[in-house]
Amino acid sequence: MTYPYDGKEYDSLFELAKVMYRDGEFFSRELRKETLLAFIEEKDPRKADKIKRLSPLSYPDDVFVFLAAFVLNPHMSFRIGGYLFKTYQEIGEKMLSYSPNINNVLLQIVSYQLISKHMHCTQFDLDNRHFFEAVVKIERQADKDREKAYFSLGYLLSGKKTIIYKGVEYKDVYNLTYYLAKKEKDLRSLGAYLSSSPLIEAYRDFSNEGEEIEAYLHVIKSYERDRQNLNAFLERKRQREKERHG
């Protein structure tokens with residue numbers, strides 16, 4: 001018995017698992033149909049049973065297919081949502097390449113703790129315990145702040161010490177701020193963004209200028225808070241003047 005996909009007949013679960021990442025929506029449907037399940041059951045009934053137990057759970061398509069593929073082939077490289085990564089470093093670099101935006105497919109890697117699952121399946125965690133535990137710690141933070149966890153995991157996996165912003169790499173936060181201030185017309189909005197940017201906060205934790213970043217964020221946040229307090233004070237003053245002369 002074989003399973004047809006994209007003009008090829010697959011007779012190996014290992015080989016089929018390697019291509020499932022190419023179309024999460026398609027394989028998410030197929031894994032719930034009798035044809036593919038019968039093929040898997042013929043090859044390995046225990047794996048078919050594990051996938052059946054995954055099916056009722058509310059996973060996004062790409063995550064469900066990722067988990068099912070690893071049931072079929074627990075030794076393959078990291079593959080999800082059309083992305084194939086040979087190393088964890090490549091995953092981190094790809095995540096940061098979208099900053100200050102976030103790639104929704106790669107965000108699922110963080111939200112569903114797929115890096116640590118992959119490390120465990122491939123037994124990477126056995127010889128890299130400290131690194132594995134650092135990954136798990138960041139993944140758990142996603143419940144409170146997914147965007148910060150996304151960038152933190154990007155930095156941990158990539159090993160980068162720089163800031164990537166809209167495709168440009170800056171060696172430190174001073175250079176980033178300097179160039180952004182020259183390009184941006186709305187400096188008020190820029191300051192508000194930088195004061196709460198999960199990218200900058202993650203960079204602080206992994207860069208070589210941690211104390212300077214802390215001071216930088218403190219200054220920006222203090223400025224933004226004082227500006228808001230001043231605006232609120234002036235607005236109250238205007239309202240009182242209106243009431244007096246009403």
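**Figure 1. Burial and overall make-up of the protein.** Of the 246 residues in this chain, 45% count as buried. The model shown here, and in each view that follows, is predicted. Its secondary structure amounts to 15 helices and six strands. If we take the contacts between residues at least 6 apart in sequence, 59% of them join residues at least 24 apart.

**Figure 2. Helices H7 and H11 pack against one another.** Two packed helices are described by the angle between their axes and the distance between the axes. Here, helix H7 (residues 104-111) meets helix H11 (residues 146-158) at an angle of about 95°, and the two axes lie 9 Å apart. That angle makes H7 roughly perpendicular to H11. On the H7 side, the contact is made by Leu106, Leu107, Val110 and Ser111. Arg146, Ala149, Tyr150 and Leu153 are their counterparts on H11.

Figure 3. Side chains of opposite charge can pair when their charged atoms come close. In this view, Lys18 and Glu15 meet through their side chains in a salt bridge, with 3.4 Å from N to O. Because these residues are three apart in helix H1 (residues 13-19), about one helical turn separates Lys18 from Glu15. Lys18 has a relative accessibility of 28%, so this residue counts as partly exposed. Glu15 is partly exposed too, with a relative accessible area of 36%. Across the protein, the count of salt bridges comes to ten.

Figure 4. How exposed are the two partners? Asp49 counts as partly exposed because its relative accessibility is 37%. Arg53, at 53% relative accessibility, counts as exposed.

**Figure 5. A salt-bridge network around Arg129.** Asp125, Arg129 and Glu133 are linked in a network of salt bridges. For the pair Arg129 and Asp125, the closest N and O atoms are 3.5 Å apart. Is Asp125 buried or exposed? With a relative accessibility of 4%, Asp125 counts as buried. Arg129 reaches 43% and therefore counts as partly exposed.

**Figure 6. Lys160 and its contacts.** Look for Lys160 in the loop between H11 and strand S5 (163-165). Its relative accessible area is 22%, so Lys160 is partly exposed. Which residues does Lys160 contact, leaving aside its neighbours within four places in sequence? They are Glu93, Leu96, Tyr155, Glu169 and Phe206.

**Figure 7. A nonpolar surface patch of tyrosines.** Tyr174, Tyr178 and Tyr179 come together as a nonpolar patch on the surface. Together they have about 350 Å² of accessible area. Tyr179 sits in helix H12 (residues 173-183). At 36% relative accessibility, Tyr179 counts as partly exposed, and patch residues need over 30% relative accessible area.

Conventions
Residues are numbered from 1 along each chain as its sequence is written. This is a predicted model: local features need pLDDT of at least 70, side-chain atom pairs count only at pLDDT 80 or more; totals for chains, interfaces and linings use all residues. Side-chain values use heavy atoms; hydrogens and water are left out. Patches are made of residues with over 30% relative accessible area and no salt bridge: like charges are joined within 9 Å, nonpolar side chains (Val, Leu, Ile, Met, Phe, Trp, Tyr) within 5 Å. Accessible areas come from the Shrake-Rupley method with a 1.4 Å probe; for residues, only the protein chains shown count as cover. A salt bridge is a side-chain nitrogen of Lys or Arg within 4 Å of a carboxyl oxygen of Asp or Glu. Helices (H or I, at least four residues) and strands (E, at least two) are DSSP runs, numbered from the N terminus. Buried means under 20% relative accessible area, exposed over 50%, partly exposed in between (1.4 Å probe, protein chains only). Axes are lines fitted to C-alpha atoms, for helices over the stretch in contact, and angles run from 0 to 180 degrees between N-to-C directions. Angles under 35 degrees count as roughly parallel, over 145 as roughly antiparallel, 65 to 115 as roughly perpendicular and the rest as oblique. Contact means heavy atoms within 4.5 Å.
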